[in-house]
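This report is an introduction for a reader new to the structure. The sequence and the model are shown below.

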Amino acid sequence: MATRCTWKVCFVGDTGVGKSCVAFRFHQDRFTGTIPTIGYAFMEKSLLVDDVEHVFNLWDTAGQERYRSLARGFFRRASAMVLVYDITNSHSFQVLDKYWVRSAQRGAPENVALAVLGNKSDIGDDQRQVTAQEGMEFAQKHDAIFMEVSAKTGSNVFEFFKELSRKLMQTPDLEFKTCGMRILTDPAKDQKEDKETKNRCCGRLT
Ligand SMILES: Nc1nc2c(ncn2[C@@H]2O[C@H](COP(=O)(O)OP(=O)(O)OP(=O)(O)O)[C@@H](O)[C@H]2O)c(=O)[nH]1
Ligand SMILES: [Mg+2]
């Protein structure tokens, strides 16, 4: 017996911090070279945590300044906002405070779950420009969860999503519920699924 919850998660932050690589690591458990995202990318991935199936709808937004207004359009009905910076780039950390937190607060639901993610933890300390302590204090200030991760090695990426799942379970009203028109391809099967769906949304799946 398991429960299933769906969450809309938006990744934001400066260009080049590794948002797409982190999302891709979680989605495919692989690290590949990426090119700057144009507009946004969408991925879906499920993770079983504490006997709950968490379905993450990941919205990977483009960090380049010219796409900022477009990114804001995705924050509506977000369950979580993941603010990503690069630990070897202090500007990418400062811009979270100067721009992205406020942008998230304006565009996302009031009680949206916030997370701060310092990426590229595989890079040596000689190149580090943001300490873990600074990252943690910033996260605490905004009641956000904090983790340093590496999309390259995979370090802490799945742990981060586990922690995010647990935080989201504290605010079930943030669950992403879809509605709208659906084209029925197999009415008998769809009816059966509808019956099951009624028991979902943080309800039981038997
Ligand atoms: N060493 C290291 N490099 C990384 C890591 N994650 C990403 N990179 C590199 O950082 C660069 C940018 O990664 P992206 O994932 O494209 O960055 P982004 O934040 O999605 O950038 P935009 O789409 O422009 O907003 C790429 O060259 C990656 O190879 C990491 O964990 N460690
Ligand atoms: Mg990208």
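At what angle do α1 and helix α5 pack, and how far apart are their axes?

## The packing of α1 and α5

The model described here is predicted. In it, the axes of α1 and helix α5 (residues 157-169) lie 9 Å apart, and the two helices pack at an angle of about 85°. Because angles of 65 to 115 degrees count as roughly perpendicular, α1 is described as roughly perpendicular to α5. On the α1 side, the contact is made by Val22, Arg25 and Phe26. On the α5 side, Val157, Phe158 and Phe161 take part. By class, the residues of this contact divide into 5 nonpolar, no polar and 1 charged.

Helix α1 covers residues 19-28. Of its 10 residues, 8 are buried, so α1 is largely enclosed by the rest of the structure. The buried residues are Lys19, Ser20, Cys21, Val22, Ala23, Phe24, Arg25 and Phe26. Val22, Arg25 and Phe26, buried in α1, are also the residues that α1 brings to the contact with α5. After α1 comes Asp29, which has a positive phi, near 50°.

## The shell around ligand 1

Which helix gives the most to the shell around ligand 1? That helix is α1, with 3 residues. In total, 21 residues surround ligand 1. The closest are Thr15, Gly18, Pro36, Thr37 and Gly63. Sorted by class, the shell has 11 polar, 6 nonpolar and 4 charged residues.

## The nonpolar core

The largest nonpolar core has 53 residues. Those with the most contacts inside this core are Cys10, Ala80, Met81, Val82, Leu83, Ala115 and Leu117.

What does Cys10 touch, leaving aside residues up to four places away in sequence? Its partners are Trp59, Thr61, Phe74, Phe75, Ala78, Met81 and Val82. Met81 and Val82, both touched by Cys10, are themselves among the core residues with the most contacts.

## The protein as a whole

The protein has 6 helices and 7 strands. Read from the N terminus on, these elements follow the order β-α-β-β-α-β-α-β-α-β-α-α-β.

There are 206 residues in the protein, and buried residues make up 37% of them. Counting contacts between residues at least 6 apart in sequence, 73% join residues at least 24 apart.

How values were computed. Residues are numbered from 1 along each chain as its sequence is written. Chains are lettered from A and ligands numbered from 1 in the order in which they are written. This is a predicted model: local features need pLDDT of at least 70, side-chain atom pairs count only at pLDDT 80 or more; totals for chains, interfaces and linings use all residues. Helices (H or I, at least four residues) and strands (E, at least two) are DSSP runs, numbered from the N terminus. A residue is buried if 20 or more other C-beta atoms lie within 10 Å of its own, exposed if 12 or fewer, and partly exposed in between; C-beta atoms are placed from the backbone. Two residues are in contact if their C-beta atoms, placed from the backbone, lie within 7 Å. A residue is near a molecule or strand if its C-beta atom, placed from the backbone, lies within 6 Å of it. Ala, Val, Leu, Ile, Met, Phe, Trp, Tyr, Cys and Pro count as nonpolar, Asp, Glu, Lys and Arg as charged, and the others, Gly among them, as polar. A nonpolar core is a set of buried Ala, Val, Leu, Ile, Met, Phe, Trp, Tyr and Cys residues joined through C-beta atoms within 7 Å. Axes are lines fitted to C-alpha atoms, for helices over the stretch in contact, and angles run from 0 to 180 degrees between N-to-C directions. Angles under 35 degrees count as roughly parallel, over 145 as roughly antiparallel, 65 to 115 as roughly perpendicular and the rest as oblique.
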